[in-house]
Amino acid sequence: MITSAEAMRMLIVAHFKGDESAFRKAAEEYIEGERRKNHHVLANDLERVLSNTNGSHKSRTEVLSLLGMTNGNVPKDKDRDVVLVDICDPSRELSGLILADDVRRTIDRLVFERRGSELLGTYGIRPAGKLLFCGPPGCGKTVAAEALARELYLPLATVRFDAVVSSYLGETAANIRKVFDFARTRPMVLFFDEFDAIGKHRTAEDEHGELKRVVNSFLQLLDSFKSETLTIAATNHQGLLDPALWRRFDEILYFPKPDSKQILDHLTRLFRQIGLSHAIKLDHVAKSLVGMTHADVERLAVDAIKQTILSSREVVEPDALQEAVERQRARIQVTEQSQRGDGLEPSLKPNRRGIK
Ligand SMILES: Nc1ncnc2c1ncn2[C@@H]1O[C@H](COP(=O)(O)OP(=O)(O)OP(=O)(O)O)[C@@H](O)[C@H]1O
Ligand SMILES: [Mg+2]
């Protein structure tokens, strides 16, 4: 009987030697080890993958489909025949995100903890399994969930609230239950993005009995949910959430708007693929953009890059960057006004004052 660490080593060595039969033997040992640990779902999955591959090479998508992680196998709404979760093989990298120091530290610790889950398990301790991501829009909640899934080699299952919330009485709670049941069948990152769609305060005025039932059943299901799956809920309306929800999460991460240093970091990365005119002082630009989100910064940088390419210039010139900043400012103003419900001024145009 060998340990799973030894089986993993054998697997890697066999893979690099191109030794198919040693690889199969190591994989069988590994599966056996998982079965001894009572990880029957995982063991069965791996066995199925092994017997279906027959030595031929498969693409990542094919392997995911063998693992039963494609949309064909996910739960559906009974009446509308729509899938309740979207499964994807995440591509964002954690190293590509600009994160506040405390957020980065917490995420690194989580990854470390999840990787050591086997060791923790021998002491009867579970790694953190339920996270709440909050903070303003466009500051990295969704991309961090993707990157975390990638870092942990797990598929990302994003809950589709448009499908989960049913007009039929009782059906929404039943759908949430189906989602949790599905997430128990194999390890994944189960992502309740824009989760306030169901987590609104139970005493909110516009709420009716169904919503109360839905939130209650979500709380119960979340509480009793014990699995290797990592559950992440994200919201930019944390003030709306019921206080009872907060204590059900192992970690709460707040993704703030970036400071000038983080904006400078982000701009530097975004402009890496194209030259910048020496007349542009990127640190000054970064300071002038404080208050914008990462998504704003990204949009204006891509805008400036597009203009530069289309006007056949070699480098981004100050006027192109300035115009992109102004367009983004105008866009933010329109969004804020529409959120406040103000009538839009017909004279609302990008101002032409330039980058300070
Ligand atoms: N911390 C970050 N580092 C790098 N890029 C980021 C970061 N945050 C956001 N972005 C960029 O902005 C875009 C929007 O980010 P994201 O979807 O993660 O925001 P969000 O916080 O989930 O917003 P919402 O609350 O509206 O869902 C992403 O596609 C990403 O490219
Ligand atoms: Mg999001």
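Which residues of β5 are buried on one side, and which on the other? Leu230, Ile232 and Ala234 are buried on one side of the strand, and Thr231, Ala233 and Thr235 on the other. The views below are taken from a predicted model.

**View 1. The whole protein in outline.** The protein holds 16 helices and 8 strands. It has 356 residues, and 29% of them are buried. Take the contacts with a separation of 6 or more: residues 24 or more positions apart account for 70% of these.

**View 2. Strand β5 is covered on both faces.** β5 spans residues 230-235. 6 of its 6 residues are buried, so the strand is largely enclosed by the rest of the structure. Strand β2 (residues 130-134) runs parallel to β5 and is joined to it by 5 bridges. In this pairing Cys134 stands opposite Thr235. Strand β4 (residues 189-192) also runs parallel to β5, through 4 bridges. Here Val189 stands opposite Leu230.

**View 3. Six strands make an open sheet.** Follow the order β1-β3-β4-β5-β2-β6. The pairing is mixed. β1 and β6 (251-254) are the edge strands, and each pairs on one side only. On average, neighbouring strands of the sheet are turned by 20° against each other, direction ignored.

View 4. The partner strand is β3 (residues 156-159), paired in the antiparallel sense over 4 bridges. Two opposite pairs can be picked out. Val85 stands opposite Val159 in β3. Cys88 stands opposite Leu156 in β3.

**View 5. The largest nonpolar core has 44 residues.** Which of its residues touch the most other members? They are Phe133, Ala145, Ala157, Val179, Val189, Phe191 and Ile232. Helix α9 (residues 171-184) gives the largest share of this core, 6 residues. Now look at the surroundings of Val179. Neighbours within four places in sequence aside, Val179 is in contact with Pro75, Leu84, Val85, Val159 and Val164. Another core, of 18 residues, lies apart from the largest one. Among its members are Leu264, Leu289, Met292 and Ala304. In soluble globular proteins, nonpolar side chains tend to be buried together.

**View 6. Helices α13 and α15 cross at roughly 35°.** α13 covers residues 260-270 and α15 covers residues 294-310. Their axes come within 10 Å. The crossing of α13 past α15 is right-handed. From α13, the contact takes in Ile263, His266, Leu267 and Leu270. From α15, it takes in His294, Val297, Glu298 and Ala301. What kinds of residue make up this contact? The residues divide into 5 nonpolar, 2 polar and 1 charged.

**View 7. Asp81 has a positive phi without being a glycine.** Its phi is about 55°. Asp81 lies in the loop between α4 (60-66) and β1. Is Asp81 buried or exposed? Asp81 counts as exposed, because it has 8 C-beta neighbours inside 10 Å, and 12 or fewer is the cut-off for that class.

View 8. Tyr153 is not a glycine, yet its phi is positive, at about 55°. The residue sits in the loop between α7 (141-151) and β3. With 9 C-beta neighbours inside 10 Å, Tyr153 counts as exposed.

**View 9. Leu245 is buried in the model.** The residue lies in helix α12 (residues 243-246). Why does Leu245 count as buried? There are 21 other C-beta atoms within 10 Å of Leu245, and the class requires 20 or more. Look also for Leu219. Leu245 and Leu219 are 26 residues apart along the chain. Their C-alpha atoms are separated by 6.8 Å.

Note on methods: Residues are numbered from 1 along each chain as its sequence is written. Chains are lettered from A and ligands numbered from 1 in the order in which they are written. This is a predicted model: local features need pLDDT of at least 70, side-chain atom pairs count only at pLDDT 80 or more; totals for chains, interfaces and linings use all residues. Two strands pair if DSSP finds at least two bridges between them. Helices (H or I, at least four residues) and strands (E, at least two) are DSSP runs, numbered from the N terminus. Two residues are in contact if their C-beta atoms, placed from the backbone, lie within 7 Å. A nonpolar core is a set of buried Ala, Val, Leu, Ile, Met, Phe, Trp, Tyr and Cys residues joined through C-beta atoms within 7 Å. Axes are lines fitted to C-alpha atoms, for helices over the stretch in contact, and angles run from 0 to 180 degrees between N-to-C directions. A crossing is left-handed if the near helix is turned anticlockwise from the far one by less than a right angle, and right-handed if clockwise. Ala, Val, Leu, Ile, Met, Phe, Trp, Tyr, Cys and Pro count as nonpolar, Asp, Glu, Lys and Arg as charged, and the others, Gly among them, as polar.
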